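Here's a quick tour of how this model is put together. Have a look at the fold, then read on.

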Amino acid sequence: MATEPFDLLGDFRFLPESSTGNTRGQLFQVLESDGGGGEAEAASLGPGGSFIAVPWTLGCGCAEEGWGDTIWVSPGDTVAFLLTPTRKEDPPRGPPVFDVLGWHQPYPAGEMIPYWRKERVLNPDWLTPREFFGLLEVLPGEAAFRLDPGGSYHGVRAWSAERPERRTAFPLSAILSAADAGLMRVQGGSPGPGGGAR
Amino acid sequence: MDPFLGPRIEAAEAGRWLKALFLSGASLLGSGGSPLGGQSPAPVASSDAGPPLFRSPGSTAVLAVATSRWLPSWR
C-alpha cells in the first residue's frame, strides 16, 4: 500500500514519494507495555492489543530509502520497540500504524543493532528482548538526560546493579559506555565515582 | 589481510561496519538523537548508529510478538 508523506509526523514527513509508494508492514501483538505514550497509545498498545509496524530506511542522498529487505522480523519472534506516534490519523479500520527506523528497531531484529557497539569483537551475550524492554522502561527522559546526564541515569544504574551478572551484556554495556562518554564530554573530564553510568 | 579490520571480521560484516560508520556521521534527517528515543516527536527517524540513551516525550516501550509476515494490504 502507498503511504502519503504528508500523513506522517516528524522526520518521516520528508520521505520521498518514491520510497513510500509500496509501504510494507508487519502485525505485532503486545505482550507488555509501559503506557508511556499516554491514553491514546495505551488503548492500542496495552497487553493483548495489536499494532502494525512499518520499517523505513532514511537515506542521505546516496543511501537506500524505503525498505527492501525480504525479512524484517520472523513471525513468532518476541521483540522490543520504543514507539512514538508517527501518523496524523489512525487507519479507518484495523490496528494503528507506527513507523520505525527498521535498521535499529525492533530489538534485537534491527540489522544495525550489532553496530551499536564500539568494540570490534561482537559480544555474544545479549540482553533478552524482555530484559531490553525492562531497560527501556528505566531510561531517562530526554529533558532529564540533557539537564543532568549523570543524575538522570540513576534508574539505569540501579537496574544494572540489580543484575550484576548482566552488566557486561550487550547493549547494556554499550549504553553505559556511551552515557559515560557523554557525561565526560559535559564535565570535560572523567566521570566521578558517583557520576559515571556504571 | 586488512591491517585495520583484522582477520576476525568477515567481508560481509566489514561492509556493514562501514555502513554503520557512514550512517553514524550522515544523519540527514536526524538531529543527533539516538535511534530509539533521541528526538521529538519522531525519534525513530534518526540515522545515528548508537544505542538509545534516553526516551523522547510520549514514547511507549513495547514488548511484542510478531504475528505476521509482510501484510499484503493493511490500510
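Let's start with chain B: among its contacts (C-beta atoms, placed from the backbone, within 7 Å) between residues at least 6 apart in sequence, 9% join residues at least 24 apart. Chain B has one helix and one strand, as DSSP runs numbered from the N terminus (helices H or I, at least four residues; strands E, at least two). Of its 75 residues, 44% count as buried, meaning 20 or more other C-beta atoms within 10 Å of a residue's own.

A word on the ground rules: this is a predicted model, where local features need pLDDT of at least 70, side-chain atom pairs count only at pLDDT 80 or more, and totals for chains, interfaces and linings use all residues. Residues are numbered from 1 along each chain as written, and chains are lettered from A and ligands numbered from 1 in the order written.

Over in chain A, strand 2 is largely enclosed by the rest of the structure, because six of its seven residues are buried. Here is how it pairs (at least two DSSP bridges between two strands):

| Strands of chain A | Sense | Bridges |
|---|---|---|
| strand 1 and strand 2 | antiparallel | four bridges |
| strand 2 and strand 4 | parallel | five bridges |

As for A:Ala80, beyond its neighbours within four places in sequence its contacts include A:Phe132, A:Leu136 and B:Val62.

Key:
Contact = placed C-beta atoms within 7 Å. Buried ≥ 20, exposed ≤ 12 C-beta atoms within 10 Å, placed from the backbone.
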